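Below are my notes on the two-chain model you sent. They are set out as numbered points, starting with a question.

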Amino acid sequence: MKITKEQAQQIDRSKISSSELTEEQEMYKENIIDYYKHPRNKEELKDYTCKHRELNPICGDEIILYLKIEKGKVKRATYTGKGCAISQASISLLTEKITDMNITEAKNIKREDIFKMLGIPISFVRTKCALLSLKTLTKSLEETT
Amino acid sequence: MKNYKEDFPILKQRIKGKPLVYLDNSATTQKPKAVIQAITDYYEKDNANVHRGVHELSMRASIAYENAHKRVAEFIGAEEEEIIFTKGTTESINFLAYVLGRSLKAGDEILLSEMEHHSNFVPWQQIAKEKGAKLKIIPITKEFRLDMKAAENLLTQKTKILAITHCSNVLGTINPIKELAKMAHQVNATLIVDAAQSVPHMQIDVKELDCDFLAFSGHKMFGPTGIGVLYGKRKLLENLEPFMYGGGMIEEVTQEKSTWKDSPWRFEAGTPNIEGAIGLAKAIEYIQDIGITNIESYTGTLTEYALKELKKVKGIKIIGPQDINNRAPVISFTIQGMHPHDVGEILNQEGVAIRGGNHCAMPLMTSLKLDGTNRASFHIYNTKEDIDTLIKAIKKAQDIFK
């Protein structure tokens, strides 16, 4: 995990972990819990073209991502795995996001996009949970090309 | 009972506007003012390298450093020569794996338990691989205790090392070391005890336990990080070759060969962690002032209360012994439908600090078929009110995930 310049200069104790949520963030939080309890695209894909597993040893989060890629496009994206609500909702949301997406576009997904997709403030220690989905996707796409 | 929170400056703060309830003492304890002051005093008044100078400051630093060995020895019933300072339990055990590993042969066996922390697991796994030795694991019972029957069967003439935790950092289970020592010595195996979780909480007498080596860390018992202890029986240490070479550990060096100082100095190469040793000595003094048996009985009542209250909450399962016999103030639990990291984060909003995850015990988690647990661990500054706050926070978390 990269420490930003500001973090390196001074630990702002008030910003280490998320505080009270705004109304909009509350909605996102409910959404995350919903995705955690009722995951979308959580299944093993039999006819995948690419399968990749990543772990987050701190929490014990695990994601196995299955991609079916045809003509440079993500035809289907599914996953299996276990872990905290943030890691699991993050990958579930991401599989929805990348379905029917061009590979080049999928490769361009950035950390900021994941944070935006999740919509709640992610504390310093949970960054790895949130970004495990992106790491799995990035590595998968590296393997396919 | 005195409110010991007052002795710990860090505990006065508020988290998210709420009083800090620190229940992550198995990971590390907070530091009393006396320890912080001792380290400051050392740097403001006595700082010098040890065993090297004849000037006033070096003498003061050397005396303080040697006295720290004495203080630790006295605390666990050992001799001064039997106390080696390391950077922590992990280094102590790696030291042993490396040094004792030298004489292992293919086919020799190393016996561990299922409840080991990675620090008492991975070093042995590695050395076994290197030497062609065999790693064997004592299972645990349904009651989360060590399976002593299995232990008896697994200890054979081939067993060279039995390395086991005194107290599980996940389950809170305290293992019968005295009995294991007898069993190990019957087959001439060396008994190594990971005491990282026990020394901070209970009276330890290494002579009575009859273990061959014992390792623990300073930071889990009010001392600073980066200082730990390896105790070894004098006659065993006398025959051990050093782990690291360099300044401070030699007797004589020529271009052809070198000879070593006596124990423990031959095992402490390089400039040691002087402030750490001084801080640890002060921490032990702090514990001795309260009385380790007083600590043990007080945290025992907290554990009993917490177990009782946690069991009342729907969806909670205690992962560890259900009663307080031979149990440390460490309680692991799962909450149905909630991952420990989500629990931990919501509890943080209430000012409650607990640990969630696999607690560096992945083999145990795998055999228990768990992704992780929540863990609350107590020490002298915790109160029943802290446990009430924990329970309230858990109920709040359950509401969010309802």
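1. With which residue does A:E62 form a salt bridge, and how far apart are the closest N and O atoms? The partner is A:R53, and the closest N and O atoms are 2.6 Å apart. A salt bridge here is a side-chain nitrogen of Lys or Arg within 4 Å of a carboxyl oxygen of Asp or Glu. A:E62 is buried at a relative accessible area of 15%, whereas A:R53 is partly exposed at 48%. Buried means under 20% relative accessible area, exposed over 50%, and partly exposed in between (1.4 Å probe, protein chains only).

2. On the basis of the numbers: this is a predicted model, in which local features need pLDDT of at least 70 and side-chain atom pairs count only at pLDDT 80 or more, while totals for chains, interfaces and linings use all residues. Residues are numbered from 1 along each chain as its sequence is written, chains are lettered from A and ligands numbered from 1 in the order in which they are written, and side-chain values use heavy atoms, with hydrogens and water left out.

3. The interface. Chain B puts 14 residues in contact with 18 residues of chain A, contact being heavy atoms within 4.5 Å. About 1400 Å² is buried between the two chains, with carbon and sulfur atoms giving 42% of that area. Buried area is the accessible area (1.4 Å probe) that two parts lose on being put together, summed over both.

4. The rule finds three salt bridges between chain B and chain A. In a salt bridge between B:D371 and A:K82, the N to O distance is 3.6 Å. Helix 11 (residues 340-349) of chain B gives the largest share of that chain's side, five residues. By class, the side of chain B that touches chain A has three nonpolar, six polar and five charged residues. In this count Ala, Val, Leu, Ile, Met, Phe, Trp, Tyr, Cys and Pro are nonpolar, Asp, Glu, Lys and Arg are charged, and the others, Gly among them, are polar.

5. Salt bridges elsewhere. Over all chains the search finds 30 salt bridges. In chain A, a network of salt bridges links A:D47, A:K68 and A:E70. In chain B, B:K5 and B:D386 form a salt bridge, with the closest N and O atoms 2.8 Å apart. That pair links distant parts of the chain, 381 residues apart: B:K5 lies in the segment before strand 1 (14-15) and B:D386 in helix 13 (residues 384-400). B:K5 is buried at 17% relative accessibility, and B:D386 is buried at 5%.

6. B:E81 sits in the loop between helix 2 and strand 4 (83-86), and B:R234 is in helix 8 (residues 234-238), 153 residues apart. B:E81 is partly exposed at 30%, and B:R234 is partly exposed at 36%.

7. Helix 2 (residues 56-76) of chain B. Its 21 residues should span 30 Å at 1.5 Å a residue, and the end C-alpha atoms are 31 Å apart, which agrees. The expected span is 1.5 Å times one less than the number of residues. Helices (H or I, at least four residues) and strands (E, at least two) are DSSP runs, numbered from the N terminus. Buried residues of helix 2 include B:S58, B:A61, B:Y65, B:H69, B:V72 and B:I76. Next comes B:G77, with a positive phi near 75°.

8. B:D212 is in the loop between helix 7 (206-209) and strand 9 (213-217) of chain B and is buried at 6%. Its side chain makes polar contacts with the side chains of B:H185 (2.8 Å) and B:K233 (3.0 Å). A polar contact is a pair of N or O atoms within 3.5 Å; within protein, one must be able to donate a hydrogen and the other to accept it, and residues adjacent in sequence count only if both atoms are side-chain atoms.

9. B:S168 lies in the loop between strand 7 (159-165) and helix 6 (177-186) of chain B and is buried at 0%. The side chain of B:S168 reaches the backbone nitrogen of B:V170 at 3.1 Å and that of B:L171 at 2.8 Å.
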